[in-house]
Amino acid sequence: MEWTTERRYRRYEDWTQEERKEIQEKMAQSPWHVSYHIEPKEGLLNDPNGFSYFDGKWIVFYQNFPFGAAHGLKSWVQLESDDLVHFTETGVKILPDTPLDSHGAYSGSAMQFGDNLFLFYTGNVRDENWIRHPYQIGALVDKDGKIEKIDKILIDQPTDATDHFRDPQIFNFKGQYYAIVGGQDLEKKGFIRLYKAVDNDYTNWQEVGNLDFNNDRTAYMMECPNLVFVGEQPVLLYCPQGLDKKVLDYDNIYPNMYKIGASFDPENARMVDVSELHNLDYGFEAYATQAFNAPDGRALAVSWLGLPDVSYPSDRFDHQGTFSLVKELTIKDGKLYQYPVAAIKELRASKEEFSNRSETKNTYELELNLEANSQSEIVLLADKDGKALSINFDLVNGQVTVDRSQAGEQYAQEFGTTRSCSVTNQATTVNIFIDNSVFEIFINKGEKVFSGRVFPHADQNGIFIKSGNPTGTYYELEYGRKTN
Ligand code: FRU
């Protein structure tokens, strides 16, 4: 079935029960569902949205096209959690059903105000000539999960921006609410604009100016900007589409990058003493990462393990996309660390010494120790011939390389089948999370991260040490409390 524009933007109510049932049945046949990651109940999942804490619970929405593995008419689907590890869908949705979001509820953020959770998002609207009008709009969710949209445009398209203007993130800095929005200027260069809530009224936004973060102005669009604070230090996470690889090399179709500042100067819309640009994740997938400061001050982040404009093997089973685990962001010696929240350890169902295994359930965590100056290679999701996801730890030459060229069904090969990052020759710890079709690799508890998808064949479920002597622990992981 071809994904024509008509089919992508068909109104939700025009899909029949039979069509929806067919999608469900196809999805049920997929061998690539995950067990302890968030995946869509129906169709495609893309960006994490509205990640927040509300009424004593953690909230995150996934952006969704429920009618297959395509980017069509988007909505938001809410999940809640009490530990940031086990998530349950609640049924709360933002549907694209008003004149201000008729062609999609695009990305945005959330913040509790009184008894409500305020959702700040982009209403994607196309007029009769298919011209796009991006509106930054809002909705309120009450404690019973009732959603009410705010019937006005909160931030309109600026005159100096194209129709690429979206993904508002609300944040609190020293008691004042601000928002940043990603955009493209009339010279087709990406920018991030800072707004201030007048009298802290989330329906009244005043422009402060373009955020000064030492923008190299090579990207044509900044998607999904997020400003979070680790102590006093602002960390800006964003997706500079079209970034010149001479500024910083990357392999994925679109990168997810970050910069750290010494402090934030909101009056002048400035990140002070801003760092170089860094790649947030060295793997094949991690995009549209959303971060926020929890009420206890922690900076928490979750990424979409998927990329725009890429087709996935799971598409033929009518599903696409998962989230990463929820990661806490910290800074050590000036470097950003990202590591799953402590509650992830609750998934550990059994513990054994790390060694070769001809069969696993492909849902496990490895905690490995590598000696200084050592060289080793392990393969995961391996068949009997050793065809697998390979991870090579070369601490002599200071490089870790992940190769997925033998790991199941191939896709996106034009962007390469290996990814590398540099490491020191010092003793190194590695935590690897495998969940059927997802891997997340954390080096030195989050100093460097590789995330990605793999679509293993049915017989790819072994673990082998190909060379060297990595030691450590194998934990089988069980999600346990999942109810839907
Ligand atoms: C990033 C993105 C956002 C946009 C949303 C639309 O993946 O393109 O910029 O709001 O997806 O689905």
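Mentor: Start with a term. On a 1 Å grid over the protein atoms alone, a pocket is an open set of points where a 1.4 Å probe fits, with protein on both sides within 12 Å along at least five of seven lines; lining residues have an atom within 4 Å of a point. This is a predicted model: local features need pLDDT of at least 70, side-chain atom pairs count only at pLDDT 80 or more, and totals for chains, interfaces and linings use all residues. Residues are numbered from 1 along each chain as its sequence is written, and side-chain values use heavy atoms, with hydrogens and water left out.

Trainee: OK. Which residues lie nearest the centre of the second largest pocket?

Mentor: Met-111, Asn-172, Phe-292, Asn-293 and Ala-294, out of 25 lining residues. The pocket has a volume of about 440 Å³, taken as the space filled by probe spheres set on grid points joined across faces, edges and corners.

Trainee: Which element gives the largest share of that lining?

Mentor: β9, with five residues. Strands here are DSSP runs of E, at least two residues, numbered from the N terminus.

Trainee: And how does the lining of the second largest pocket divide by class?

Mentor: It has 14 nonpolar, nine polar and two charged residues. Ala, Val, Leu, Ile, Met, Phe, Trp, Tyr, Cys and Pro count as nonpolar, Asp, Glu, Lys and Arg as charged, and the others, Gly among them, as polar.

Trainee: What surrounds the ligand?

Mentor: The shell includes Gln-63, Ser-107, Asp-167, Tyr-287 and Trp-304, each with a heavy atom within 4 Å of the ligand. Five shell residues are charged, three polar and three nonpolar.

Trainee: Which side chains have polar atoms lying 2.8 Å or 3.0 Å from a ligand oxygen?

Mentor: Asp-47 at 2.8 Å, and Asn-46 and Lys-74 at 3.0 Å. The cut-off for a polar contact is a pair of N or O atoms within 3.5 Å.

Trainee: How much of the ligand does the protein cover?

Mentor: 92% of the 320 Å² of accessible area that the ligand has on its own. Those areas come from the Shrake-Rupley method with a 1.4 Å probe.

Definitions and conventions:
A polar contact is a pair of N or O atoms within 3.5 Å; within protein, one must be able to donate a hydrogen and the other to accept it, and residues adjacent in sequence count only if both atoms are side-chain atoms. Helices (H or I, at least four residues) and strands (E, at least two) are DSSP runs, numbered from the N terminus.
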